[in-house]
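Here is a short briefing for a first look at this model. Keep the sequence and the structure side by side as you read.

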Amino acid sequence: MIFIIPFFYLSSVVTSLGLKVVTKIEHPFVEFDEDNTDNSSIKLKGFCIDLLELIVEKYPDIKYTFHLVQDSGYGNLVNGTWNGMMGELLRGEADMILAGMTITSLRDQYVQFSKPFMNANLGFVMKSAQKEISWYGYLNVFDVYVWVLLMISLLSISVFIWLVSDIESEGSPILDCIMNTISVMTTQGPVINPKNVAGKVMCAFFGCFP
């Protein structure tokens, strides 16, 4: 989760000239206001500017001046030195940062952030592969070797039950044994019950390990 916030940090001493606010142009948080006709050196508008104006309305004694960050960066720690707006704030060149800035654990160790007003999630968007529809697509749920083992198990169990039933002289046909084994392996229960006790015992035994 990434928190994008405006940053309001007041230095311990505010000069009579007011707060020195450093910012960065980024739509829609801070952008140039071409329609502004006042005599200010920088004409700005945006979400963060509106927030600052609301604070000034509540505390009318606060005075401030804007200037844009020199290197157009938010601030990274490089070789023990901060650059961007973080660097200007920590060097005393600015009293407050007003921008859409991401909260990081490293930045939080050096400055005090305001409450976040926006959460932004990162994600990847990829083009899905075009696959042809196959009539045998249902067979893709298992590997070929798994299907071979299933067929061997099916035939082996069916023949084994058929042999046991045949020994009891009341044997079921081989096709009945195959259908019964398929029903047991798919946990549907036996469709055709063997006629003798040995066949029923074998079906119950293999039914425990579908």
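A residue counts as buried when its relative accessible area is under 20%, and as exposed when that area is over 50%; in between, a residue is partly exposed. By that cut-off Thr-23, with a relative accessibility of 0%, is buried. The structure is a predicted model, so confidence comes with every residue as a pLDDT score from 0 to 100. The chain has 210 residues, and 29% of them count as buried.

**Confidence**

- The average pLDDT of the protein chain is 76.
- A score of at least 70 is reached by 80% of the residues.
- Strand E7 (residues 81-82) has the highest confidence, at a mean of 89.
- Strand E1 (residues 2-5) has the lowest, at a mean of 37.
- Over residues 1-16, pLDDT stays under 50.
- For that stretch the model still has 60 contacts beyond four places in sequence.

**Overall build**

- The protein chain holds six helices and 10 strands.
- Take the contacts between residues at least 6 apart in sequence: 59% of them join residues at least 24 apart.
- The accessible surface of the chain is about 14700 Å².
- Carbon and sulfur atoms account for 60% of that surface.

- Thr-23 sits in strand E2.
- Beyond four places in sequence, Thr-23 touches Val-30, Leu-44, Phe-66, His-67, Leu-68, Val-69, Met-85, Leu-98 and Ala-99.
- Arg-107 belongs to helix H3, which covers residues 105-108.
- Which side chain of opposite charge is nearest to the buried Arg-107? It is Glu-26, 9.6 Å away.
- A salt bridge needs a side-chain nitrogen of Lys or Arg within 4 Å of a carboxyl oxygen of Asp or Glu. Arg-107 has no salt bridge.
- Setting aside neighbours within four places in sequence, the contacts of Arg-107 include Tyr-74, Gly-75, Asn-76 and Trp-82.
- Met-86, Met-101, Thr-102 and Phe-113 are also among the contacts of Arg-107.

**The salt bridge**

- How many salt bridges does the structure hold? It holds one.
- The side chains of Arg-91 and Glu-93 form a salt bridge, at 3.0 Å from N to O.
- Glu-93 is partly exposed, because its relative accessible area is 38%.

**Backbone details in the loops**

- The peptide bond from His-27 to Pro-28 is cis, with omega near 5°.
- Pro-28 lies in the loop between strand E2 (19-23) and strand E3 (31-32).
- Ser-72 is not a glycine, yet its phi is positive, at about 60°.
- The loop that holds Ser-72 runs between strand E5 (64-68) and strand E6 (77-78).
- Asn-79 is not a glycine either, and its phi is positive, at about 55°.
- Asn-79 is in the loop between E6 and E7.
- Is Asn-79 buried or exposed? Asn-79 is exposed, because its relative accessible area is 78%.

- Helix H4 covers residues 144-167, and Leu-149 is part of it.
- Leu-149 counts as exposed because its relative accessible area is 55%.
- Val-144, Tyr-145, Val-148, Leu-149 and Ile-152 make up a nonpolar patch on the surface.
- Together these patch residues have about 550 Å² of accessible area.
- Phe-160 is also placed in helix H4.
- With a relative accessible area of 40%, Phe-160 is partly exposed.
- Phe-160 touches Met-202 and Phe-206, leaving out residues up to four places away in sequence.
- Phe-160 and Met-202 are 42 residues apart in sequence. In space, their C-alpha atoms are 8.7 Å apart.
- Trp-162 is another residue of helix H4.
- Trp-162 is partly exposed, because its relative accessibility is 32%.
- Which distance in space separates Trp-162 and Cys-177, C-alpha to C-alpha? That distance is 6.2 Å, and the two are 15 residues apart in sequence.

Conventions. Residues numbered from 1 in each chain as written. Heavy atoms only, no water. Helix = DSSP H or I, 4+ residues; strand = E, 2+ residues; numbered from the N terminus. Buried < 20%, exposed > 50% of the residue type's maximum accessible area, 1.4 Å probe, protein only. Lys, Arg positive; Asp, Glu negative; His and termini not counted. Contact = heavy atoms within 4.5 Å. Patch = residues over 30% accessible without salt bridge, like charges linked within 9 Å, V, L, I, M, F, W, Y side chains within 5 Å. Areas by Shrake-Rupley, 256 points an atom, 1.4 Å probe, with all protein chains shown as cover. pLDDT = per-residue confidence, 0-100.
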